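Hi there,

Here is the structure I promised to pass on. Please have a look, and then read on for my notes.

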Amino acid sequence: QITWNGRDSQGRNLASGKSGLIGVQALGVDQPVQVSQVVNTIELEALKRNYSIVLGVSDWSSRRERKSLEIMLEKGVEGVIWIFKGQRPSPSLLKTIRDYGKPLVFMWKEWEAAPYVVNDQERGVYVGARYLLDRGRRDIAFISTPSADNQHSRLRVQGYLEALKEREGLKSRHVVVEGYT
């Protein structure tokens, strides 16, 4: 049984001009584990600040992406966090968000269309490799996606090699494997 506590959040939100909602658009939460972890972290941080998230999952469908964005904007989200790894959002969707006057932040991809948050690929792998080396590990294989046409892979390999370079005698023993399985 649910009892009403007398709080009318919709009325309060209407009066204040704030919805307490943040839109989060993702390609799919079943893809890489990181997406679900990022969405979970966004929600936890939002809750700390008395916000809730409205999650849209497009599953690589531009129609679903547009529909979920329309729902977010109709619900009055105060901003949109867009998590994408491959394809970029269409210019018409970006225009829609701007027409509503909502702030937009991209995650995981650098793009001049809006502010973005990305991982420091080189530093992250450097810290991980140093962690292993500091604990006495010496035979470490680094497995990476091909770095020839992937800037993030190149940065990760650089971080790994930098950690090895700081240790005498390990430069010639390292193994870097690039490719897909």
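Let me start with a pair of strands: β1 and β2 run parallel to each other and are joined over six bridges. Within that pairing, I22 sits opposite I53 of β2. Please keep in mind that this is a predicted model.

On its other pairing, β1 (residues 21-26) meets β3 (residues 80-83), again in the parallel sense, over four bridges. Here A26 faces I83 in β3. Taken as a whole, the sheet is open and has five strands, in the order β2-β1-β3-β4-β5, with parallel pairing. Its edges are β2 (52-57) and β5 (116-117), each of which pairs on one side only. Helix α3 (residues 62-74) packs on this sheet and touches β1, β2 and β3, its direction making about 175° with that of β1.

Now for the cores. The largest nonpolar core has 16 residues, and those with the most contacts inside it are L69, V77, V80, W82, L104 and F106. Two or more residues of this core come from each of α3, β3, α4 (91-99) and β4 (104-107). There is also a second, separate core of 12 residues, which includes V39, A46, I81 and M107. As background, nonpolar side chains tend to be buried together in soluble globular proteins.

The crossing of α5 and α6 is right-handed. From α5, the contact involves Q121, E122, V125, Y126, A129, R130 and L133. On the α6 side, the residues include H152, L155, R156, Y160 and L164.

A word on confidence before you set anything up. The chain averages a pLDDT of 80, and 75% of the residues score at least 70. Confidence is highest in β2, at 92, and lowest in helix α1 (residues 9-16), at a mean of 63. Where pLDDT is low, the predicted coordinates should not be read in detail.

Best wishes

Terms used: Residues are numbered from 1 along each chain as its sequence is written. Side-chain values use heavy atoms; hydrogens and water are left out. Two strands pair if DSSP finds at least two bridges between them. Contact means heavy atoms within 4.5 Å. Axes are lines fitted to C-alpha atoms, for helices over the stretch in contact, and angles run from 0 to 180 degrees between N-to-C directions. A nonpolar core is a set of buried Ala, Val, Leu, Ile, Met, Phe, Trp, Tyr and Cys residues joined through side-chain atoms within 4.5 Å. Buried means under 20% relative accessible area, exposed over 50%, partly exposed in between (1.4 Å probe, protein chains only). pLDDT is the predictor's confidence in each residue, from 0 to 100. A crossing is left-handed if the near helix is turned anticlockwise from the far one by less than a right angle, and right-handed if clockwise.
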